[in-house]
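Notebook open, structure loaded. I'll jot down what I look up as I go, one chain at a time, and then the contact between the two.

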Amino acid sequence: MNLSVRVWRQSGPDDKGRMVTYDVKDISPDASFLEMLDVLNEKLILDGDDPVAFDHDCREGICGMCGMMINGVAHGPERATTTCQLHMRHFADGDVIDVEPWRASAFPVIKDLVVDRSAFDRIIQAGGYITAPTGTAPDAHATPVPKADADAAFEAATCIGCGACVAACPNGSSMLFTAAKVAHLGLLPQGQPERDGRVLDMIDAQDEAGFGGCTNMGECTTVCPKGIPLNLIGRLNTDYRKAARTPH
Amino acid sequence: MALKLLMAVSGLLLVLFLFAHMAGNLKIFLGATSFDHYAHWLRQLGAPLLPDTWYLWIQRTVLTVAVLAHIAAATVLARRARAARPVRYVHRPKVQGSYAARTMRWGGVIILLFVIYHILDLTTGTLNPNSDPQHPYANVVADFAPARWYVTLFYTLSIVAVGFHLRHGLFSAARTLGQQTARGERIARGAALALALVLVVGYLSVPFAVLTGLVS
């Protein structure tokens, strides 16, 4: 396959940045999107140019490191697929593909397609954990969890924190991410003692980071590589309302 | 989060009013006497506990506060959303949310302009061709006369805008107030669409009845 790739190039946080067009030749339809960028980078390096910076780690769709806007869609055209698991066979020979970084004031661009997602870390630090004594692992049946709750908590826990929800949201809101984390812990017995404080603190942290408010449009769920369901946001809203009413 | 709760609660209050207002409008099909009697009764509502028109003014105050709160919260949230994405995407296809969801903000502005016109038209009578406070039935008929097709057109567009606004707004309010199951989401979306349709049909039946001569 021969393609034209228009990539956002930005040398650093203070650079203004621009789209630059590159021709990429002889790409296998079985290559992943990131492998296509690898091929482009090899050529750029051989030519003495600066390679395109992008985040990636496991390339198995489970780490949440990769992610870019491909033709204006977070993680590209395939549903429930991370950028590393997107294959070039979903594009046609001769296509022009636009590649941009996530856009959000809370996710400033570091270089090219790499953004700083530490705002998500700050939301997790605000309450996305349980306080438990460390030591040997407790017996698996020490705390019984109903199967339905375990399944629902697991579904929420599949969020890999890639940031696609924020990138796709017309309001730049991180509600789906926060909702997934709050639901994951709130559905399990271990998450109950800190449940109220968690939701209040995590919402405060996301507001402080400069994310927008949710208007329930559902863009986030559409692009989420893990298919985190939109209704978890309703759960987050309820948890928040209950917690805000309870004196702490 | 508090702002969104404010939007949901103030919005629902306004929807309640819309249903009461529609029920009153439909009295036009019972004839001039019935409709005018209803309009005069509104002024005496709350009597003998409250003096004449007091109830009406209390309701107007509550509704005005709700509208202002709704607009203020929406403005703050819209500005926050704008600030959350300072650099726009170069390539951005139309977002996949429904047309109703995408037009909430500008749709709201259209509705506000309509409400101002509507009050000047049929409450104060300033812009009404008949403007006889004793005979609201005649005012309505004069308003939607075929020669004044542009009034009917603007009215229709505004009511459709209300319909779209509520189609997403009612669902969104339910979600903000805690609707949280997938099944409930389907029900909430269906109910929002049904209620919005009932309001649109109810409100549009009046001008079109005048236009077609059913009410004259």
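This is a predicted model: local features need pLDDT of at least 70, side-chain atom pairs count only at pLDDT 80 or more; totals for chains, interfaces and linings use all residues.

**Chain A, overall.** I started with the secondary structure of chain A, which comes to 8 helices and 7 strands. What share of chain A counts as buried? I got 44% of its 248 residues. Next I looked at how far along the sequence the contacts of chain A reach. Taking contacts between residues at least 6 apart in sequence, 70% join residues that are at least 24 apart.

**The sheet in chain A.** I wanted the strand order here. Five strands of chain A make an open sheet, ordered β2-β1-β5-β3-β4, with mixed pairing. Which strands stand at the edges? They are β2 and β4 (73-74) of chain A, and each has a single partner strand, so one side of each has no neighbour in the sheet. Helix α1 (residues 33-46) of chain A packs on this sheet and touches β1, β2 and β3 of chain A. I also noted the direction of that helix, which makes about 85 degrees with the direction of β2(A).

**Strand pairs, one by one.** I went through the bridges next. β1 (residues 3-9) and β2 (residues 18-24) of chain A are antiparallel, paired over 7 bridges. On its other pairing, β1(A) runs parallel to β5 (residues 96-100) of chain A, and 4 bridges join them. I picked V7(A) to follow across the sheet. In β2(A) its bridge partner is V20(A), and in β5(A) V7(A) stands opposite V99(A). Then I moved along to β3 (residues 69-70) of chain A, which pairs with β5(A) in the antiparallel sense over 2 bridges. There I found M69(A) opposite E100(A).

**Chain B, helix α1.** Over to the other chain. How far does helix α1 (residues 2-25) of chain B reach from its first C-alpha to its last? I got 34 Å for its 24 residues, close to the 34 Å expected at 1.5 Å a residue. I listed the buried residues of α1(B) too: K4(B), M7(B), A8(B), S10(B) and G11(B). A lysine is on that list, so I went back with the cut-off in hand: a residue is buried if 20 or more other C-beta atoms lie within 10 Å of its own. The cover over the buried residues of α1(B) includes α3 and α7 of chain B.

**α1(B) against α8(B).** I checked this helix pair separately. The two pack at about 35 degrees with their axes 9 Å apart, and the crossing is left-handed. From α1(B), I have L18(B), M22(B) and N25(B) meeting L199(B), G202(B), Y203(B) and V206(B) of α8(B). By class, that contact holds 5 nonpolar, 2 polar and no charged residues.

**Between the chains.** The contact draws 34 residues from chain A and 30 residues from chain B. On the chain B side, the elements giving two or more residues are α3 (54-84), α7 (149-176) and α8 (182-211). Which of them gives the most? That is α3(B), with 5 residues. I finished with the classes on the side of chain B that touches chain A, and wrote down 15 nonpolar, 9 polar and 6 charged residues.

Methods
Residues are numbered from 1 along each chain as its sequence is written. Chains are lettered from A and ligands numbered from 1 in the order in which they are written. Two residues are in contact if their C-beta atoms, placed from the backbone, lie within 7 Å. Ala, Val, Leu, Ile, Met, Phe, Trp, Tyr, Cys and Pro count as nonpolar, Asp, Glu, Lys and Arg as charged, and the others, Gly among them, as polar. Two strands pair if DSSP finds at least two bridges between them. The expected span of a helix is 1.5 Å times one less than its number of residues. A residue is buried if 20 or more other C-beta atoms lie within 10 Å of its own, exposed if 12 or fewer, and partly exposed in between; C-beta atoms are placed from the backbone. Axes are lines fitted to C-alpha atoms, for helices over the stretch in contact, and angles run from 0 to 180 degrees between N-to-C directions. A crossing is left-handed if the near helix is turned anticlockwise from the far one by less than a right angle, and right-handed if clockwise.
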